[in-house]
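This report walks through selected contacts and surface features. The sequence and the structure come first.

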Amino acid sequence: MRTIIILAGGASLVLGAAAAVGQGQSPAATAIKARQEQFREIGTAFKAVNDELRKSAPGKFAVGSSARQIAGNLRQVKTMFPTGSGPSSGIKTKASATVWTKQAEFLRLNAAAIAEADKLVLALRGADTAAMKAQAQSLGRSCKACHTSFRVGD
Amino acid sequence: MAPPPVTRAVVWDIPVRVVHWALAALLGFSWYSAENEMMEWHRWSGYAVLGLVVFRLLWGFVGSSTARFANSLRSPAEIWRYGASLGRRTPGAGVGHNPIGALSVIALLLSVAAQVTTGLFAVDVDGLESGPLSDRVSFEQGRWFADMHDLSFSILLVLVVLHLVAILFYLLYKRDNLIAPMITGRRRTTGPGLTRVPLWRLPVTILIAGAAMWFVSRGMQL
């Protein structure tokens with residue numbers, strides 16, 4: 001008898017948890033989670049580039065693909081912020097409401113960042129280490145410009 | 001038998017005093033430079049703090065008697081007894097850190113050490129400013145260090161406020177001026193002052209701390 005009760009309790013816990021997980025994936029939550037992942041990818045890729053450039057003899061070939069990933073992910077940005085996936089969704093996000101209220105500016109800064117990322121890809125194909133470092137800084141500044149206006153916290 | 005004479009004995013050596021005030025100034029400047037996005041200054045301020053902390057930790061083992069951790073750390077019974085004496089409106093008779101003061105020094109030093117260490121590995125979100133040792137960790141780990149650098153500062157701030165409140169308590173309630181001795185090094189006491197150590201230990205300790213600071217600032221790459 002006791003075994004049946006324990007098994008039933010365990011089963012309902014598992015089913016309840018599964019139902020809760022299923023419930024949690026509203027469109028807003030999915031969008032937020034997905035873009036956080038993509039921005040983390042950008043962060044990881046950019047860190048790989050910067051770490052390589054910091055070395056006394058940077059091996060630029062190692063990080064060309066990282067730079068291309070940054071440019072690729074940045075191109076997805078305009079699809080990452082569907083209406084309703086902002087602070088008003090009630091789900092934790094660092095996206096400021098201005099992403100939607102100042103959308104033109106947001107998209108302009110995104111375009112500028114894409115341009116800088118493309119330039120970094122080109123620079124990494126060359127041989128001028130100083131130019132690579134300078135372009136990495138330029139890209140960082142364009143990331144910062146958008147974050148300042150459209151990202152909360154930190 | 002006549003009571004022992006009261007003298008203005010030396011209780012804090014110069015290294016301890018310099019470290020104390022330099023740390024206070026640098027922590028303030030580190031905060032200010034971070035707030036105003038003067039990150040190059042912030043990094044150098046942090047390296048200077050690192051050098052001072054390394055120096056002070058070493059000096060706590062090889063320095064003058066009142067600088068030493070061994071002389072400061074007391075048994076729980078002594079700490080308890082000293083705590084009970086805090087209600088008295090008279091200055092303490094001791095020289096160097098009292099049992100509770102010693103705990104606060106350890107706590108503050110550990111907190112500052114944590115602040116510096118987390119900064120060394122921190123990674124920012126713009127790809128512009130990261131700590132000198134951040135290439136040793138992943139992006140996720142570096143972001144965690146950045147969050148900890150933030151949290152650590154809050155803890156440090158609480159400890160600093162407690163420290164200042166304690167100093168004021170001693171000054172106003174116990175009528176014991178602890179600020180002057182930390183500037184002049186001297187205190188009116190019936191007991192003997194500190195015991196000095198051979199002078200050569202000072203430049204050697206400074207050199208080791210300086211080397212550590214330089215090495216870290218280069219990303220620990222030769």
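## A salt bridge between chains

Lys144(A) is partly exposed, because its relative accessibility is 26%. This is a predicted model. Lys144(A) meets Glu37(B) in a side-chain salt bridge, 3.0 Å from N to O. Lys144(A) sits in helix α6 of chain A, and Glu37(B) sits in the loop between α1 and α2 of chain B, so the pair joins two chains. Glu37(B) counts as exposed, because its relative accessibility is 53%.

Glu37(A), Arg40(A) and Glu140(B) are joined into one network by salt bridges that share partners.

Over all chains, the whole structure holds 14 salt bridges. In general terms, side chains of opposite charge can pair when their charged atoms come close.

One of the bridges links Asp118(A) and Arg75(A), with N and O 2.7 Å apart. This pair links distant parts of the chain. Asp118(A) is in helix α5 of chain A, Arg75(A) is in helix α3 of chain A, and 43 residues separate them. Asp118(A) is partly exposed, with a relative accessible area of 28%. Arg75(A) also counts as partly exposed, at 39% relative accessibility.

Another bridge stays inside one helix. Glu105(A) pairs with Arg108(A), and their closest N and O atoms are 3.2 Å apart. Both residues lie in helix α5 of chain A. They are three residues apart, which is about one turn of the helix. Glu105(A) is partly exposed at a relative accessible area of 32%. Arg108(A) is partly exposed as well, at 48%.

| Salt bridge | N to O distance |
|---|---|
| Asp118(A) and Arg75(A) | 2.7 Å |
| Glu105(A) and Arg108(A) | 3.2 Å |
| Glu37(B) and Lys144(A) | 3.0 Å |

## The nonpolar core

Which residues have the most contacts inside the largest nonpolar core? They are Phe46(A), Ile70(A), Leu74(A), Phe81(A), Phe106(A), Leu120(A) and Leu139(A). The core has 30 residues. Four helices of chain A give two or more residues each: α2 (27-54), α3 (64-80), α5 (103-125) and α6 (129-150). The largest share, nine residues, comes from α5(A). Helix α5 of chain A also carries Asp118(A) of the bridge to Arg75(A).

## Chain B in outline

Chain B has eight helices and two strands. Along the sequence, the pattern reads β-α-α-α-α-α-α-α-β-α. The C-alpha trace of chain B spans about 70 × 40 × 30 Å along its principal axes. Of the 222 residues in chain B, 36% are buried.

Val204(B) and Phe55(B) are 149 residues apart in sequence, and their C-alpha atoms are 9.9 Å apart in space. Val204(B) belongs to helix α8 (residues 201-217) of chain B. Val204(B) is partly exposed, with a relative accessible area of 40%.

## Surface patches on chain B

Trp21(B), Leu168(B), Leu171(B), Leu172(B), Ile179(B) and Ile183(B) make up a nonpolar surface patch. Together they have about 550 Å² of accessible area. Helices α6 (139-172) and α7 (179-184) of chain B each supply at least two of its residues. The largest share, three residues, comes from α6(B). Leu171(B) is in helix α6 of chain B. Its relative accessible area is 31%, so Leu171(B) is partly exposed.

The positive patch is formed by Arg8(B), Arg186(B), Arg188(B) and Arg196(B). Arg186(B) has its place in strand β2 (residues 186-189) of chain B. Arg186(B) is partly exposed, with a relative accessible area of 36%.

## Positive phi in two loops

Most residues other than glycine have a negative phi. Where do the positive values fall in this section? Glu37(B) has a phi near 55°. It lies in the loop between α1 (14-35) and α2 (39-62) of chain B. Arg175(B) has a phi near 55°. Arg175(B) is found in the loop between α6 and α7 of chain B. Arg175(B) counts as exposed, because its relative accessibility is 53%. Glu37(B) counts as exposed at 53% relative accessibility.

Key
Residues numbered from 1 in each chain as written. Chains lettered and ligands numbered in written order. Predicted model: local features only at pLDDT ≥ 70, side-chain atom pairs only at ≥ 80, totals over all residues. Heavy atoms only, no water. Patch = residues over 30% accessible without salt bridge, like charges linked within 9 Å, V, L, I, M, F, W, Y side chains within 5 Å. Areas by Shrake-Rupley, 256 points an atom, 1.4 Å probe, with all protein chains shown as cover. Salt bridge = Lys/Arg side-chain N within 4 Å of Asp/Glu carboxyl O. Lys, Arg positive; Asp, Glu negative; His and termini not counted. Charge placed at Lys NZ, Arg CZ, Asp CG, Glu CD. Buried < 20%, exposed > 50% of the residue type's maximum accessible area, 1.4 Å probe, protein only. Core = buried A, V, L, I, M, F, W, Y, C linked by side-chain atoms within 4.5 Å.
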